[in-house]
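Dear colleague,

I am handing over the structure we spoke about, and you will find the sequence and the coordinates just below.

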Amino acid sequence: FEKLASTIKCLFVQNLFSSRKSIPRCQRISRMLSNESLRPPVYSRSNSQASVDSTSMEDFWCEVENIKESTEYRQDEQTVLEVKPPDEGELEAEWLQDVGLSTLISGSEEDDGEALLSTLTRTQAAAVQKRYNTYTQTMRKKNKHTVRDVRDIFGINDTSPTFEAMPVSPVTTNGFQLPVQKPAGNCLEYESDKDSQLVKEELSFDVSFSESVTVIPKHRERHKNQRLKKDESSLPNFTIRKSRLGLTAVGDLSLDDMKKIRYLSLIELTAFYDALGIELKRNRTERIKGRESGLFGVPLAVLLENDQKKIPGIKVPLIFQKLLLKLEETGLETEGILRVPGSASRVKSLRQEIEAKFDEEAFDWDQVRNNDAAGLLKMFIRELPSPLFTMEYLPAFISLVEKISQVKIQLQALHLLILLLPDASRDVAKALLQFLKKVVANERKNKMTLWNVSMIVAPNLFICKGKRANQEEMLAAATTAHVVRLLIKYQDILWTVPAFLISQVRKMNEATINNTKRQLMFDKGVRRLLRRKTMERERPERTEYLGSQSVSHGSSEKMKMQAQSLHEVGGNIGQHCLDPDAYMLDVYHANPQAEWVIKPKIS
C-alpha cells in the first residue's frame with residue numbers, strides 16, 4: 001500500500017509541476033535529453049548525456065521534483081552571500097596559495113615552498129610554471145600605469161624563475177607511454193581496453209598520472225555517440241598492484257602529511273588535465289550562511305566540534321551515523337529504498353522532532369519508517385551549507401565525464417579530486433558510499449541497481465542549492481550520475497593514497513630537514529645541543545615500543561581489544577600506518593631514520 005501511495009504521489013508531482021497538460025515534466029525533460037527531441041538543445045551534450053535514454057532519466061527528474069517539494073518551505077533559512085567574480089590574475093594567485101606556493105607571490109623565502117618545488121615531476125613543474133607565468137603577466141597588465149620595468153625598456157628577456165623537475169623513468173610501470181605530440185581538437189579520446197569488463201585490469205600508483213598519459217591515433221578514436229551502458233557489468237574491474245611498501249589508505253597518514261598530499265594532488269590534477277588538453281575550471285567559493293545550531297543545515301565542522309565533546313576523535317557527525325545505522329538495520333531490503341519518497345509532511349515533522357530531542361537521546365527511532373529515514377538522509381546531505389564534494393571543484397567533476405571517455409582515466413581524475421576534499425567532507429562521503437554499496441549489494445530484494453542508486457543520489461549531491469538551478473546546470477547534474485556510479489563502485493581504490501604522492505611527501509620532508517640542518521649548523525650552541533640529544537638517544541630505553549615484557553598485564557589485555565598496527569614514525573614521514581603486506585626491509589631503506597611503533601590505527 002505504501003509503495004502504491006508513493007507511486008501515485010510521484011505521478012501527482014509530475015502533473016503539478018508540468019507546464020504542458022499532456023506530458024509530465026519528468027518525461028518532457030527526459031525527451032530533451034534523448035535523441036527523440038525535435039528541437040536540439042542550445043548547449044553541447046556530452047557523451048554520457050547523449051547516452052542516457054528517457055526511461056532511465058525519469059528517476060532522476062522525479063527526485064528533482066521531490067527535492068523541490070521538500071525544500072519549498074525552507075527557502076528562506078539560508079542566504080547566499082554574493083561574491084563578485086575574481087579579477088584577472090586572482091584565480092592563479094589563489095591556485096598558487098592552495099598548492100602551498102604563496103612564497104612565489106609574496107617573494108619570501110620559505111623552506112616548505114622550496115621543498116615542494118624540489119619534488120615536482122616534469123609535468124607538475126610545467127603546470128606550476130604555466131600558472132605562475134599567467135599570474136605575473138596579468139599583474140604587469142594591471143600595473144601598466146606604474147613605472148615601466150627596466151627589462152621592458154631595454155628588451156631584456158624575462159628572468160622569471162623556472163622550476164626544475166624530478167627525473168622520471170622513460171617507460172612507466174603502469175602500461176602507458178610518455179606523452180607524445182597532441183593531435184588538434186578540443187577533446188582528446190583515449191584507447192579503451194577490449195573486454196575490460198571481463199578481465200581485471202591492474203592499476204599502478206608508482207608513476208604520476210600526468211606522466212603516464214598517452215593519446216591514441218585519430219583513426220582509432222571511439223565514436224562520439226557511443227552509448228553509456230547502465231548495467232554494472234559494463235564497468236571494468238580494477239585491482240591495485242601492491243608495491244613492496246604496501247598500500248596506504250587516507251587515514252594511515254598524519255594530518256601534516258595529508259596536508260602536503262592535498263598540495264601535491266592539486267598540482268598533479270592540474271598537470272593531469274593539462275596533459276589531457278582539458279581546462280581545469282574552478283568555481284569561486286560561494287559563502288552560504290548556515291545555521292549556527294541544530295542538526296540539519298549546519299556546517300560539518302560545527303557538528304563535529306559539538307560531537308567531539310561527547311566522543312573525542314569522532315570523524316562523522318552522530319546524526320549522520322544514526323541515520324545510516326537506522327537504514328542499515330531495517331531498510332537495506334526495502335523495495336525502492338532511496339527512490340520511493342516518504343511523506344513530505346511526515347519527514348518535516350520528524351525533522352523537527354529530531355532537532356528537539358536528538359541531543360537528549362529522547363527521540364524514538366522505531367517510529368521512523370524506512371522511506372522517511374532515507375528522505376532525512378538525503379535532506380541532511382542536500383542542506384549542508386557547503387556541498388559534500390565542494391562547490392569549488394564541481395566543474396572538474398563534470399569535465400571528467402564530458403571530456404574523457406575511458407573509465408580508467410576518469411577514475412584517475414576522480415581519485416585526485418577525492419584527495420582534495422576537506423577531511424570532514426571526505427570522511428562523511430566515505431561513510432555515505434559504504435552505505436550505498438550495501439544498498440546495491442541487496443539489489444535482488446530492494447530492486448535498486450547501481451544505476452538506480454546513482455540517479456537518485458546525484459541530484460542531492462550535485463545540484464547547487466545556493467541559487468536556482470537553471471536547465472543547463474541541472475543537465476550537468478544529470479551527468480554526475482555517472483560520477484556517483486564511479487564513486488560507489490571504486491570507493492576502495494579512491495580512498496587509497498597513490499604511492500607516487502607518498503614518495504613526493506618523503507622527498508619534501510627530506511628537503512625540509514636538510515634545509516633546517518644547514519641553517520642550524522651555523523649555530524655552535526645548537527650543535528652542542530644536538531650532540532647531547534644524540535648521546536641520550538643512544539641509551540637503550542625503548543622497550544615501550546616493541547618489547548611486550550615492559551607492558552603490564554592490564555595494558556596487554558587492553559591492547560588485545562584494540563586493533564594494533566605497526567607504524568613508522570619520524571624520519572622522512574610524520575606518521576604512517578604500515579600495510580601488513582609491506583616488506584620491512586624496503587620500508588627501512590625508504591626511511592632509515594624512522595622508529596617503528598605498535599599502536600592503534602590512526603583511523
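Two residues are said to be in contact when they have heavy atoms within 4.5 Å of each other. With that in mind, Asn283 touches Met391, Glu392, Leu394 and Pro395, if residues up to four places away in sequence are not counted. Please keep in mind throughout that this is a predicted model.

To place that residue in the whole, the chain has 26 helices and seven strands, and buried residues make up 46% of its 603 residues. Among contacts between residues at least 6 apart in sequence, 82% join residues that are at least 24 apart.

Asn283 itself lies in the loop between helix 10 and strand 4. Its relative accessibility is 27%, and Asn283 therefore counts as partly exposed, since that class lies between the limits of 20% and 50%.

Once neighbours within four places in sequence are left aside, Pro299 is in contact with Arg291 and Pro385. Pro299 and Pro387 are 88 residues apart in sequence, and the distance between them in space is 9.8 Å, taken from C-alpha to C-alpha.

Leu400, leaving aside its neighbours within four places in sequence, is in contact with Tyr273, Gln410, Ala413, Leu414, Leu417, Val483 and Leu486. As general background, nonpolar side chains tend to be buried together in soluble globular proteins.

Two pairs of packed helices complete what I have to report. In one of them, the axes of helix 17 (residues 423-441) and helix 19 (residues 450-462) come within 9 Å and cross at roughly 150°, which means that helix 17 is roughly antiparallel to helix 19, because angles over 145 degrees are classed in that way. Helix 17 passes helix 19 in a right-handed crossing. On the side of helix 17 the residues that meet the partner are Leu432, Leu436, Val439 and Val440, while helix 19 contributes Leu450, Val453, Val457 and Leu461. By class, this contact of helix 17 with helix 19 has eight nonpolar residues, with no polar and no charged ones.

In the other pair, helix 5 (residues 90-98) and helix 8 (residues 122-142) pack at an angle of about 140°, with their axes 8 Å apart, and helix 5 is therefore oblique to helix 8. The crossing of helix 5 and helix 8 is left-handed. Helix 5 makes the contact through Glu92, Ala93, Trp95 and Leu96, and helix 8 through Ala127, Val128, Arg131, Tyr132, Thr134 and Tyr135. The residues in this contact of helix 5 with helix 8 divide into seven nonpolar, one polar and two charged.

Conventions
Residues numbered from 1 in each chain as written. Predicted model: local features only at pLDDT ≥ 70, side-chain atom pairs only at ≥ 80, totals over all residues. Heavy atoms only, no water. Axes fitted to C-alpha atoms, helices over the stretch in contact; angles between N-to-C directions. Helix = DSSP H or I, 4+ residues; strand = E, 2+ residues; numbered from the N terminus. Parallel < 35°, antiparallel > 145°, perpendicular 65-115°, else oblique. Left-handed = near helix turned anticlockwise from the far one by under 90°. Nonpolar A, V, L, I, M, F, W, Y, C, P; charged D, E, K, R; others polar. Buried < 20%, exposed > 50% of the residue type's maximum accessible area, 1.4 Å probe, protein only.
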